[in-house]
Amino acid sequence: MNVAIYTLTSPLHDEAAVSAVTQEFLGSLNIEYSLKGSDYADYGSSALSLIYVRTGGTESVFNQLLPQLQKQSGEPFYLLTSGKSNSLAASMEILSFLRQKGLKGEILHGSADYIRQRIEVLARVGEARRRLRGARLGIVGEPSDWLISSVTDADRVREHLGIELVSIPMSDLLREYHALESVPMQEAADEYASFVAPLNASDATAIRQSLPDATRLYIALRKVAETNGLQGLTIRCFDLLTAIHNTGCIALARLNSEGFVAGCEGDVPAMLSMMIARSLLGVSGFQANPAHIDPQTGEMLFAHCTIPFNMTHRYELDTHFESGIGVGVRGYVDAGPVTIFKVSGLLDRNFVAEGTLEACQAEGDLCRTQQVIRLDHPSDTSYFLTNPIGNHHVILPGHVKELLDEILK
């Protein structure tokens, strides 16, 4: 953990006694940290900067430091206190002062286990925020015409997340793709041939024949990402059905497995949700839309035609569901805890709910990757039926609501 601890101490207190308490208290937390003492020169440079209020009588000291700290960091102020020597009382006065100024903060106080767990969450979120700042995400082609509610405010995204949205014409991708048409791809495509689903012979043959062009599209998308300095992208993928008679499903599955964020249908809010998830968890998540909801039991069915390969324990290649052409991905994921997540393009709303992935299925009348998920709280289904944030949502491994709630603050 990249945690720095700075100290506030009243000159009225005996330094030897305060140092002994400091050593005992910080040792009880059992965390890795760098103790900076009263030198705040590099405050804000770590993933998490803690101000350890060691004694009472430190309120005016903090007030004098505040202008400097505000210049160095835009993060909330985290006040660590042992409760000894009136440190909690001083921390409460400081936090009240911060609130009056419209500034955010929190007192970390309680058992050693509670404080350690809270620090671990805050440090992880701090590291994620640093990954988001300066990231560049591409929109290849415009958002799909049917995403009528998925409006995005690029200025707000830049201000609040530090992410730059970059518009890239579809013609740039197609130019890179056509430049590869004379390059043999069969050998590279053959590594996926064994994953073709056991369909009728004509469909299986068509899928295998589509693999070289699917590989060309993957290479072209990587080139676009590298040329534009992108950490992620979303693509108006249904245009590819007519432009190259293929899909982007394999390309997106591969890119997501390789550390990029790669989303479908030009859905920018979904891409932002995936980028936030990747910054926290190291995986982009499964972008999908609900196909069925049972409000009484909390059971939901999510489906889409691609999923990051590194989220699956096995996968098959099928046709793309809506068009019946190209290559789609049917991924199978281990049953277990999951979190459903979405932020709006205006960053004014979000949804986070935990549940359990109960099964993956392979019905023929749905997008190829299908997950049956039961929400922990069936009442959460009312969100989808009364006030959803678009149709696409992101399915993440594990119960990570606490992390997501913290970064969304």
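Student: Leaving aside neighbours within four places in sequence, what is Leu 173 in contact with?
Tutor: Leu 173 touches Val 140, Leu 217, Ala 220, Leu 221, Val 224, Ile 235 and Leu 240, where contact means heavy atoms within 4.5 Å. This is a predicted model, where local features need pLDDT of at least 70 and side-chain atom pairs count only at pLDDT 80 or more, while totals for chains, interfaces and linings use all residues. Residues are numbered from 1 along each chain as its sequence is written, and side-chain values use heavy atoms, with hydrogens and water left out.

Student: Is Leu 173 buried or exposed?
Tutor: Leu 173 is buried, at a relative accessible area of 0%; buried means under 20% relative accessible area, with a 1.4 Å probe and protein chains only.

Student: Which helix holds Leu 173?
Tutor: Helix H6, residues 170–178; helices are DSSP runs of H or I with at least four residues, numbered from the N terminus.

Student: And how far apart are Leu 173 and Val 140?
Tutor: In sequence they are 33 residues apart, and in space 7.6 Å, C-alpha to C-alpha.

Student: New topic! At what angle do H1 and H4 pack?
Tutor: Helix H1 (residues 15–29) meets helix H4 (residues 112–132) at about 65°, and their axes are 8 Å apart. Axes are lines fitted to C-alpha atoms over the stretch in contact, and angles run from 0 to 180 degrees between N-to-C directions. So H1 is roughly perpendicular to H4, a label for angles of 65 to 115 degrees.

Student: Which residues make that contact?
Tutor: H1 brings Phe 25, Ser 28 and Leu 29, while H4 brings Ala 112, Ile 115, Arg 116 and Ile 119.

Conventions: Helices (H or I, at least four residues) and strands (E, at least two) are DSSP runs, numbered from the N terminus. Angles under 35 degrees count as roughly parallel, over 145 as roughly antiparallel, 65 to 115 as roughly perpendicular and the rest as oblique. Buried means under 20% relative accessible area, exposed over 50%, partly exposed in between (1.4 Å probe, protein chains only).
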